[in-house]
Amino acid sequence: MKQTYLTLPYQYIADSPTTKSYAKWQIFEEYLQNPRRAARLGVNEKLLFVKPHLKIPTDVAHSQQEADWPLNIDTRLPAFHFQNLSTSTTIEIRGEEKALLIEKPLSDTYSAHLNIYLEGKASATLLLLAPEDSKGLSTLSLNIQTRKEAEAKISIILIDSPKSATALFKATRLEPNSTLKETHILIPGRTLHLESETFLDQENATYISSYAVATPQNRSASIQTSAYIKAPRTAAEIRLAGISHNGELAHKGTIRIHKGSQEARGKLSSRLIPLTPQSKVYAAPTLEIESDDATEAQHSASQSPLDPAKLFYLQSRVLTELEAKRLLLMAELNKVLPEDAKREPTVQKYLEILLASLEINIDK
Amino acid sequence: MSKTELLESLTLTDISLDSLKVRPKLLLRGRISRSLVEELSRAKKEPPWMLKLRLRSLELFEKLPTPNWLVGVEELDLEELTHYIQLGYERASSWDELPEDIRKVYERLGLPEIEKRALAGLSAQLESENIYLAFKKFLEEQGVILMDMSEAVAKYPDLVQKYFMRVFPPSDHKFAALHGALWSGGVFLYVPPNVRVEAPIEAFFFIASELESQMEHTIIVADEGSFVHFIEGCSAPLFKRYSFHNGMVEIYAHRNSHVKFTTVQNWSKNLVNFNNKRALVEEGAVVEWAEGSIGSKISYVYPSAILKGRNARVSIANITVAKGPVWKDGGAKVYHLAPNTQSEVISKSISSNGGVSVYRGLIKVARGAKNSTASVKCDSLIMDKESKAFTYPKNEVEEEEAYVVHEATTGRISEDILYYLETRGFKEQEARRLIVLGYVGDILGKLPFEYKMVFRKVLELEFEEIGGYA
Amino acid sequence: MENTGLRIEKLTVAVASRKVLKDVSLDVSKGEVVALIGPNGSGKTSLAFTVMGHPNYKVENGRILLHGEDITSLKPHERAYKGIFLVFQSPPDIGGLPVGMFLQEMTTKRGIEASINDINNALLEVGLSDHYLSRNLYEGFSGGEKKRLEFAQALLFKPQILILDELDSGLDIEGVRLLTGKTRELAGSGVGVLYISHNIAALRLLRPNRVVVMMNGGVVAVDGLEILDVIEEKGYQGLV
């Protein structure tokens, strides 16, 4: 196996106040120094509330399609990933709903690539549910494209085990007049590094991306979400709600609007809730706007505990302190989801699991 | 000045979003010799500790990594830089030497003759004007020390040594080290305990020449319970011969003191401006930074505060104008290190005619800084297709009982408001001007009265020729 | 001693070391409507929050009894469970929490079986349509809508003691008539009501059994409706 990735740095520019990455590269380095392809993969059946149409690699191991990747591969982790691919699959969803299960390695590394093409009213749910005792690293790349006029939806549910790790790279492109709504429900293992880059370079495309993230004790997540707008009448909105209970959570979000994007709208919001003194939450929202074409470009970030006035109100309505906390946290998570996702029972179920993973059992 | 001409012709409009990711490292030409630094110190008759500091800074300068985040400055000629430090004159020596556009602005601003001459650096007479003398005497009677930095180093060496480059050590970054080695000029201001100096100290008219140098070092020490308002700079455009400015301001606000520091900067467009500004805020003390930046070609200024004691507060207000092919990089950094600390940052920028305004901020709340609140509002107004605004804040919170909020909006002149004003009889040009003034309104309010008036006028003049806007 | 109802005995309460209630005593018996009035800052809302067990309000002296039981050290949800319901002056908005879901949770916890119909009826009773069920709690609600929904909660809750903190402020005249009427009905069915208000006209509609006047954290007068006339004519200063 080629190991040229070891010559590349983990990030373009060394850590400095301006370019701090917050990702826990050292955890990935443990796997990259002694790379071994995972022999056994599995899934946590208890968390599977959706019947998958396709299991990767079980159903596709024999096929190898080309990994389409629109971005430069010049940093270590993506380079490792693409040099280590076990499977590369293409999935086309036309006007229907499909659930895909991506199995997770019990130990060592498993790397998979998916090209996903969405047409019409297509909906894809990706499930990564690690078995409780797994300690492997999964790296996953998703090349997502919505076809013209599509009204597509993607849900990504990642529930890692305490000792596993995941790196997820997404490159998304929207064709003219298409809409893509994304819902992410993420519980990292030791660490999760997610890089999502979305390109709206065709007219009239709309992108709404929601993230609900929890980082319990000893777990961390660095979530990088970027939307690049290069065409008129496009809109991008990225919303993240993250809760840290003794873990670390960093959200770096970028909205970039190029010249020529008349009537474009870009919005980024980050709501991070630290629940204990040991919790760490970092927000770095970025706006890069070129010219006065955009109609709206804004971002907001807030890091603060749950509002005591709201907690008291709920307690005065017979809820115990713990119940009030949970209800309020659920409300914060639901705030970032698009309307239709809120109503889906599976989404709500996974949110309950997310909340439970924080193990907020003890009233302080 | 070939370097100056080069700077003036730099088209920052070449900077596109795609090219932002990686920038080449700054190239340093020439060297700064140890003997130059020793000579400098000797000429100023400095005590041994100061020479030591300079030499240590020089060593650090040579060791520290060269920044790769600078834009528009590909190389720095160290020998040309030290040229001015040795010569010791930085202003125009005759009215005719002033660039045409600056002379015109002075006319339009309608300043009194004597101020015009002071601004042009032609008159040393100002320092002997009665009104200023009377104020100086009043300050002396209160025990306030206000003098140029070199004089303070000679007269009060122990006091100055207590503070010189303590909150901003030369090891911080390469330009801080450069500053430590070559600094010259600047002001030392010490306010004794419980003394309140109600009238603002307008440094420009007191110690004009001292604030003119390339690497001036200003220290403000407010002892317990004192109050002082220091104003540096002026709104009218200033011409400087040198093309690279690397100043430093350190503020030490002791327990329960209150320091207001206002900077208004409108330097000619041949300048690259670095300004290292930091305040150390002790228990119960308040520091207010207000910055109005109109001129210079490329500037990097990030007023910062370390909230060291409980209940310490800081407020940072910036107005930045990036008109024409300029790169204005600014922001604010606040470190909450104690409980009940508060910070408020408001930054408003205006980019037009291809200007780029950049906001970089950091709010760091350390564990244990319980009940701290930080709020940041940074807005950018982009006036036309050619201009840009980039916002890069970072909020790092390691304390659960802290409240940090950040909001940023980048927008353009609202068409609805334009239309409304036009229906009230304002021509488009006038309407735009009104909107721009309204946009910076609340920050303008933080500037002292006369500065507010001149700043407004300058803004109006700047935006008079918006023209050509379709 | 009447064992039914709310008894506030010589309460002295401080918020962050500042005394907000000084030696306050007040009784609200079953079926009684007691009006609590006083200028801004007199301690009316502080009293309401103290009875509800708000953590910032520290009881330095005195106690609170419900049906003879000392509840002074009970947590807010325990007091709610025992039947004390507070209609907040400014309820917080909790985005992401749909009204319908919240009402169901609340009634279940209270041990009341409320069907969708019951919930809908409660909304209709206060003049709100059922489309409020899918809205997020108080997000974007006008002042009047907030008051109505607070009251709908009270109806569903079936409280023993109902504390209304400025129910009438922000409510239009129709709303005031409607809700004061319903308050009287609740009292008629045995609920003890503490009605905090500034609105003399609303108080006249309410016809409370007693009017308690507070100023500067203490009770300065207890009287019948006639005291409202004095206040209307001479202001609160007229009582001093």
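Visitor: Which residue in the turn between β11(C) and β12(C) has a positive phi?

Guide: The residue is Asn216(C), with a phi of about 50 degrees, in a hairpin that leaves 2 residues between β11(C) and β12(C). The model is a predicted one, in which local features need pLDDT of at least 70 and side-chain atom pairs count only at pLDDT 80 or more, while totals for chains, interfaces and linings use all residues. Residues are numbered from 1 along each chain as its sequence is written, with chains lettered from A and ligands numbered from 1 in the order in which they are written.

Visitor: How many bridges join β11(C) to β12(C)?

Guide: Strands of a sheet pair through backbone hydrogen bonds, either parallel or antiparallel. Strands here are DSSP runs of E of at least two residues, helices are runs of H or I of at least four, and both are numbered from the N terminus. Two strands pair if DSSP finds at least two bridges between them. Strand β11 (residues 210–215) of chain C runs antiparallel to β12(C), and 5 bridges join them. Met215(C) has Gly218(C) in β12(C) as its bridge partner.

Visitor: What is the strand order of the open sheet of 6 strands in chain C?

Guide: The order is β6-β9-β10-β3-β11-β12 (chain C), and the pairing is mixed. At the edges stand β6 (84–87) and β12 (218–223) of chain C, each pairing on one side only. From one strand to the next, the twist averages 20 degrees; such angles run from 0 to 180 degrees between N-to-C directions, and axes are lines fitted to C-alpha atoms, for helices over the stretch in contact. Within this sheet, strand β3 (residues 33–37) of chain C runs parallel to strand β10 (residues 192–196) of chain C, joined by 4 bridges. Leu36(C) stands opposite Ile196(C) in β10(C).

Visitor: Which helix packs on that sheet?

Guide: Helix α6 (residues 173–188) of chain C does so, touching β3, β9 (161–165) and β10 of chain C, and its direction makes about 150 degrees with that of β10(C). Two residues are in contact if their C-beta atoms, placed from the backbone, lie within 7 Å.

Visitor: What is the order of the open sheet of 4 strands in chain C?

Guide: The order is β2-β1-β4-β5 (chain C), with antiparallel pairing. Its edge strands, β2 (18–28) and β5 (69–70) of chain C, each pair on one side only. Strand β4 (residues 57–66) of chain C pairs with β5(C) in the antiparallel sense over 2 bridges, and Glu69(C) in β5(C) is the bridge partner of Leu66(C).

Visitor: At what angle do the axes of α3(C) and α5(C) cross?

Guide: Two packed helices are described by the angle between their axes and the distance between the axes. The axes of α3(C) and helix α5 (residues 143–157) of chain C come within 10 Å and cross at roughly 30 degrees. α3(C) is therefore roughly parallel to α5(C); angles under 35 degrees count as roughly parallel, over 145 as roughly antiparallel, 65 to 115 as roughly perpendicular and the rest as oblique. In the contact, Leu103(C), Met106(C), Thr107(C) and Arg110(C) of α3(C) meet Gln153(C), Leu156(C) and Phe157(C) of α5(C).

Visitor: How many residues of chain B are in contact with chain A?

Guide: There are 39 residues of chain B in contact with 35 residues of chain A. On the chain B side, β17 (356–365), β19 (388–397) and β20 (402–411) each give two or more residues. That side divides into 16 nonpolar, 8 polar and 15 charged residues, where Ala, Val, Leu, Ile, Met, Phe, Trp, Tyr, Cys and Pro count as nonpolar, Asp, Glu, Lys and Arg as charged, and the others, Gly among them, as polar.

Visitor: Why is β19(B) described as largely enclosed by the rest of the structure?

Guide: In a regular strand the side chains alternate between the two faces of the sheet. β19(B) is largely enclosed because 10 of its 10 residues are buried; a residue is buried if 20 or more other C-beta atoms lie within 10 Å of its own, exposed if 12 or fewer, and partly exposed in between, with C-beta atoms placed from the backbone. Lys388(B), Phe390(B), Tyr392(B), Lys394(B) and Glu396(B) point one way, and Ala389(B), Thr391(B), Pro393(B), Asn395(B) and Val397(B) the other way.
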